[in-house]
Amino acid sequence: MDQYGIILLLLAIMLGLSAIAEKIKLPYPILLVVAGIGVGCIPGMPKIELDPEIVFLLFLPPMLYDAAYNISLKEFKNNISTIMTLAFTLVFMTASGIAVMVHYLIPGMTWPLSFALGAILSATDAVAAMSITKGLGLSHKTMTILEGESLINDASGLIAYRLAVAAVTGSSFILWKAGVQFLFLLVGGYLVGLVLGLVLTFLLKHTHRKSVVAISFTLLMPFIAYLTAEELHVSGVIAVVVIGFMISRLSRAKNLAGETRASYKSIWEIIVFILNGLIFVLIGIEFPYVIKNIDPALIWPLIGYSFLICLLALVIRMLRIFLQRVNLEKTFQRKSIARHRRALLNWKECLIIGWSGMRGIVSLATALALPLTLSDGTAFPQRNVIIFISVVVVLITLVVQGLSLPLLVRFLNVKHQNH
């Protein structure tokens, strides 16, 4: 079977299982991941190479753009404090916590390698979070916090990853320089997104009567923005998110009302649905391949370490979100403005947000993007171990948290707490 036939097979599996999942009331990402593992184990099945560059370019821009476009801007502003806390502070707390555990737990994991693994697994995944929480009846505030976090934390996670890998490959790590580089990447990504967003806004205002042309511009711009930003060595994630926000505001104006907006929504729903499904199948497919590169005697110990990493990440996330609840109450207790009151979190919302920290395709792609060799030509140390742990952690969070999240929502009975 050639690559073209494999892609068609994966699409057919994805469509069929998505329909089945809806009938049996099971989150379809779980079924697709399991199916992907099964496909990868078929004897004689050609190895499907998951190129990290293709993942970042093909999957990330449209998924981020669509999420930014559909997010509630009003709720995003109301909950900006919680979103930024989760997207930045929590990412670095998680990366550091995992690094400390891994350094002392796994033989051969130096501090740079430990921080590289921590950075890979530090950010939650927008695709996983939205796919599994969709249809659970969560409040707009809870969904916006999860979406907003997943939109921005990819940037902080990828930046932390770059710095850690640079340290592994021999570059000296200086804290203040890393901080300056971090700000440069964020501000640069914002400026690229702003400029290209203004260009796209101009184009849409002058082509909105030609719906096919207008929609084509919106399909191309996320990819152009991501590539442009990355070529300039700034954050492509932030650039795409900024454009999504800008076009979201524009689409709510009269300029894009009517047929163009309806067509736009339909086309993007199809694109996102297909990409969503393929992502989870590909995650499953990678597992049988990465397990072949690990010494059989290490497989079960590494799976055990992966469970401990998942537990630690969950504990750190829970502690941070409940601490945020306390901080919000202290900050806004003397303010009676309705916007401030709406930003407060109750314990049920904290529990659901804490439990929704699944990892996904970005963690997998960043692990696979680890260089094969160092600058001196020697093999990148512990590369197979890091990739294996990353894949297992992704699978654990998707299956365990993905299956239990709907049960938690029903147990807490939050569907009637939306207002």
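Reader: Which element gives the largest share of the lining of the second largest pocket?
Author: First, the ground rules. This is a predicted model, in which local features need pLDDT of at least 70 and side-chain atom pairs count only at pLDDT 80 or more, while totals for chains, interfaces and linings use all residues. Residues are numbered from 1 along each chain as its sequence is written, and side-chain values use heavy atoms, with hydrogens and water left out.
Author: Now the general idea. Rolling a probe the size of a water molecule over the atoms shows where empty space is left. A pocket is an open set of points on a 1 Å grid over the protein atoms alone, where a 1.4 Å probe fits, with protein on both sides within 12 Å along at least five of seven lines; lining residues have an atom within 4 Å of a point. Helices are DSSP runs of H or I, at least four residues, numbered from the N terminus. In this pocket, α8 gives the largest share of the lining, eight residues.

Reader: What is the volume of the second largest pocket, and which residues lie nearest its centre?
Author: A volume is the space filled by probe spheres set on the points, which are joined across faces, edges and corners. Here that comes to about 510 Å³. The lining has 23 residues, and E53, F56, R162, Y226 and E230 lie nearest the centre. At least two lining residues come from each of α3, α8, α9 (175-207), α10 and α11.

Reader: How many nonpolar, polar and charged residues are in that lining?
Author: Sort by residue type. Ala, Val, Leu, Ile, Met, Phe, Trp, Tyr, Cys and Pro count as nonpolar, Asp, Glu, Lys and Arg as charged, and the others, Gly among them, as polar. The second largest pocket has 14 nonpolar, five polar and four charged lining residues.

Reader: How much space lies in the largest pocket?
Author: About 1700 Å³. It is lined by 50 residues, with M130, S131, T133, K134 and G135 closest to the centre. Elements giving two or more residues to this lining are α1 (3-24), α3 (52-70), α7 (126-133), α8 (140-168), α12 (259-291) and α17. The largest share, eight residues, is from α12. By class, the lining of the largest pocket holds 25 nonpolar, 14 polar and eleven charged residues.

Reader: Next, the core. Which residues touch the most other members of the largest nonpolar core?
Author: In soluble globular proteins, nonpolar side chains tend to be buried together. A nonpolar core is a set of buried Ala, Val, Leu, Ile, Met, Phe, Trp, Tyr and Cys residues joined through side-chain atoms within 4.5 Å. Buried means under 20% relative accessible area, exposed over 50%, partly exposed in between (1.4 Å probe, protein chains only). The largest core here has 144 residues, and L10, L151, F280, I283, F388 and L398 touch the most other members. The element giving the most to this core is α17, with 16 residues.

Reader: What does L151 contact?
Author: Contact means heavy atoms within 4.5 Å. Beyond its neighbours within four places in sequence, L151 contacts L64, A67, A68, I71, V237, V241 and F245.

Reader: Is S356 buried or exposed?
Author: Buried, because its relative accessibility is 1%. S356 sits in the loop between α15 (347-355) and α16. Not counting residues up to four places away in sequence, S356 touches A129, T133, L146, R317, Q401 and L405.

Reader: How many aromatic pairs does a search of the whole structure find?
Author: A pair of aromatic rings is described by the distance of the centres and the angle of the planes. Rings of Phe, Tyr and Trp (its six-membered ring) pair if their centres lie within 6.5 Å; planes under 30 degrees apart count as stacked, over 60 as edge-to-face and the rest as tilted. The search finds eight pairs. In one of them, Y65 and W268 are tilted, at 5.2 Å centre to centre and 35° between the planes. Y65 is in helix α3 and W268 in helix α12, so this pair ties together parts 203 residues apart in sequence. Y65 is buried at 1% relative accessibility, and W268 is buried at 2%.

Reader: What is the geometry of the pair Y104 and W111?
Author: Their ring centres are 5.7 Å apart and the planes are at 85°, so the pair is edge-to-face. Y104 is exposed at 66%, and W111 is partly exposed at 34%.
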